[in-house]
Amino acid sequence: MNKRKFFLKMITSSLMRRRSRMLVALLAIAVGATILSGLVTIYYDVPRQMGAQFRNYGANMIFVSSSGDAEFTPEAAERAVAGIDASELVGYAPYRYETVLIHEQPLVAAGTDLAGAKATSPYWYIDGAWPAADGEMLVGNERAELLGLSVGDTVTVIYSTEQDEADEAGVTAEASLDMKVCGILETGGSEEEYIYLSMEDMERLTGNEGKLDLAELSISAPGEKLQSYAERISEAVPEISARLIKRVTESESTVLTKLQALVLLVTIVVLLLTMICVATTMTAVVTERRKEIGLRKALGASDREIIGEFMGEGLLLGGIGGLIGAGLGFAFAQMVSVNVFSSSISFQFWLIPVTILVSVAVTGLACLMPVRSATEVDPALVLKGE
Amino acid sequence: MSLLELNNISKIYGDLKALDNVSLKVDTGEWVAIMGPSGSGKSTLMNIIGCMDKPTSGEVILDGKDIAKESAKNLTAIRRDKIGLIFQQFHLVNYLTAVENVMVSQYYHSIPDEKEALEALARVGLAERARHLPSQLSGGEQQRVCIARALINYPEIVLADEPTGNLDEANENIVLDIFKQLHREGTTLIVVTHDPEVGEVAQRTITLEHGKILRDAKNPGFE
Ligand SMILES: Nc1ncnc2c1ncn2[C@@H]1O[C@H](COP(=O)(O)OP(=O)(O)OP(=O)(O)O)[C@@H](O)[C@H]1O
Ligand SMILES: [Mg+2]
């Protein structure tokens, strides 16, 4: 048997045959490693998870015309949208606004891609149903009250060319469309004053096509990436100016930064606690084994050999604890993710070696002081009575 | 030239002279018993001979070299190479088997050799118990493991502090028989004991009192 084999034999026997004591240390390391790998997994997954959550709060980018009040074409908007990674694009809703009359009252009608509006504004609450067929529209809650409309009513929407234009011609060009109220829209915002209809109905009513006033986008990407998208789009499609909705994007990144800082802080605290627990256990182990250390020294062990043996035990524990922790940590992160974000987490394979390495390093650090004190044991101890 | 020579060594703790100007010589192959009342300095003397402590003053010449002023690190090396230790409390590593305990000594000295360790256990009559943990062995058996461990690296001096202090009559006789055998083979033995019977079987008895040598005499009964 060579020296290394016997060394391993000694440290494994020590761990195996003195289980109860070592189990405490192992437990501490495993728990520490679990929380470490779990929190790091969450740390890396939080932007993705939270990003998805944040998209519930609505659009974070808009397209407007780059030339003041003027409109832009749907084609330009399509080209701009094509520049965004499909996997990140949660929703895209083009809008065209026109003034129309219902019961003689002027109001704003918005033509949009209703599915897109639903995706970009998931917080919209509809009393009734989303329009499913031609001739159906949503009416803002406030507007519905003013007009005395409720779900199921059919009203005539009138579109007339602008007043002064009409006067010149001597006639007022008028178009009308009978629309059914399929849902009342509640948002708590200015949307409640509008009516929403599909782009097709809008074009049928107004007659003119190919104009957009605004487009709203909901993109699941971090702030810097959004910024770079906005810049790229504004450059590639000169007609369009892409702007971030700062209120949304900034609060998103603030929340993320704070959350990540919190996770980091907790991780550090947990590692410190693990270290203290391991250090305490190792100190107890060294005290408990003073006689054995004295004996080993009496048999001719050098300080370096004593350090090697205790460190060996500590690091072996660290490695085993780290391995256990890496596995449990993923389960922990998965559990947190499912319960908090209700989505599963992506497994980071690189976290296994990193968790083990960190556990070994933390254990090693924790063992430094106790192991140093082991070398101070006097071999003459073995000749003293009990 | 003697194997071990102590010249005027003293060990002083505060104002207590645990050893007071002690001089003695031990030749290769001698079997010496050190006796004396409790507190007379026997263990202190053993520590100095066993390179686990240094005298406050005086020379300790082992194998022609003064080791009294060596560093702790060098003393460890000298102890490892030249001294075999037997303890009253056996001091076996409790999580290692009998044969592994013997191998620990080989491990620090050179390389562990299981076959040799088993042979050493066979010599003290423990071939059958080699794979047992200390907790599974009787006191006498544990002491024999301790003896096998002390002998495994062929030390120049075997030091035993109260080797029979924790043993019954029967086991004491087994240990003494092993000592006799070792003496016949030429091993140098220094045994500290309270027990007159253990003292008498040695070749020479040194009696300490208050840190001084009271008597140093050949044993008439030695065969
Ligand atoms: N480290 C120490 N510090 C202070 N005094 C000590 C120390 N070691 C031993 N002594 C004292 O030195 C004297 C000799 O002690 P020693 O252990 O050599 O006695 P001993 O002959 O072995 O006794 P026993 O038969 O009880 O084992 C004692 O009075 C003891 O109290
Ligand atoms: Mg003593």
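Predicted model: local features only at pLDDT ≥ 70, side-chain atom pairs only at ≥ 80, totals over all residues.
The shell around ligand 1 includes a run of chain B residues, namely B:Pro37, B:Ser38, B:Gly39, B:Ser40, B:Gly41, B:Lys42, B:Ser43 and B:Thr44. B:Tyr13, B:Leu16, B:Ala18 and B:His194 also belong to these surroundings. Sorted by class, the shell has seven polar residues, four nonpolar ones and one charged residue. Two elements of chain B, strand β2 (16–26) and helix α1 (42–49), each contribute at least two residues, and α1(B) gives the most, with three.

Several polar atoms approach the oxygen atoms of ligand 1. A polar side-chain atom of B:Ser38 is placed 2.4 Å from one such oxygen. From B:Gly39, a backbone N or O atom lies 2.8 Å from an oxygen atom of the ligand, while for a backbone N or O atom of B:Ser40 the corresponding distance is 3.2 Å. Taken on its own, ligand 1 has 630 Å² of accessible area, of which the protein covers 60%.

Turning to chain A, A:Met61 is part of strand β1, which spans residues 61–65. A:Met61 counts as buried because its relative accessibility is 0%. Beyond its neighbours up to four places away in sequence, A:Met61 touches a set of residues that includes A:Ala215, A:Glu216, A:Leu217 and A:Ile219, along with A:Leu226, A:Tyr229, A:Ala230 and A:Ile233. A:Ala242, A:Arg243, A:Leu244 and A:Ile245 are also among its contacts. A:Phe310 lies 249 residues from A:Met61 along the chain, and the C-alpha atoms of these two residues are separated by 59 Å.

Methods
Residues numbered from 1 in each chain as written. Chains lettered and ligands numbered in written order. Heavy atoms only, no water. Near = heavy atom within 4 Å. Polar contact = N/O pair within 3.5 Å; in protein donor to acceptor, adjacent residues only side chain to side chain. Areas by Shrake-Rupley, 256 points an atom, 1.4 Å probe, with all protein chains shown as cover. Helix = DSSP H or I, 4+ residues; strand = E, 2+ residues; numbered from the N terminus. Nonpolar A, V, L, I, M, F, W, Y, C, P; charged D, E, K, R; others polar. Buried < 20%, exposed > 50% of the residue type's maximum accessible area, 1.4 Å probe, protein only. Contact = heavy atoms within 4.5 Å.
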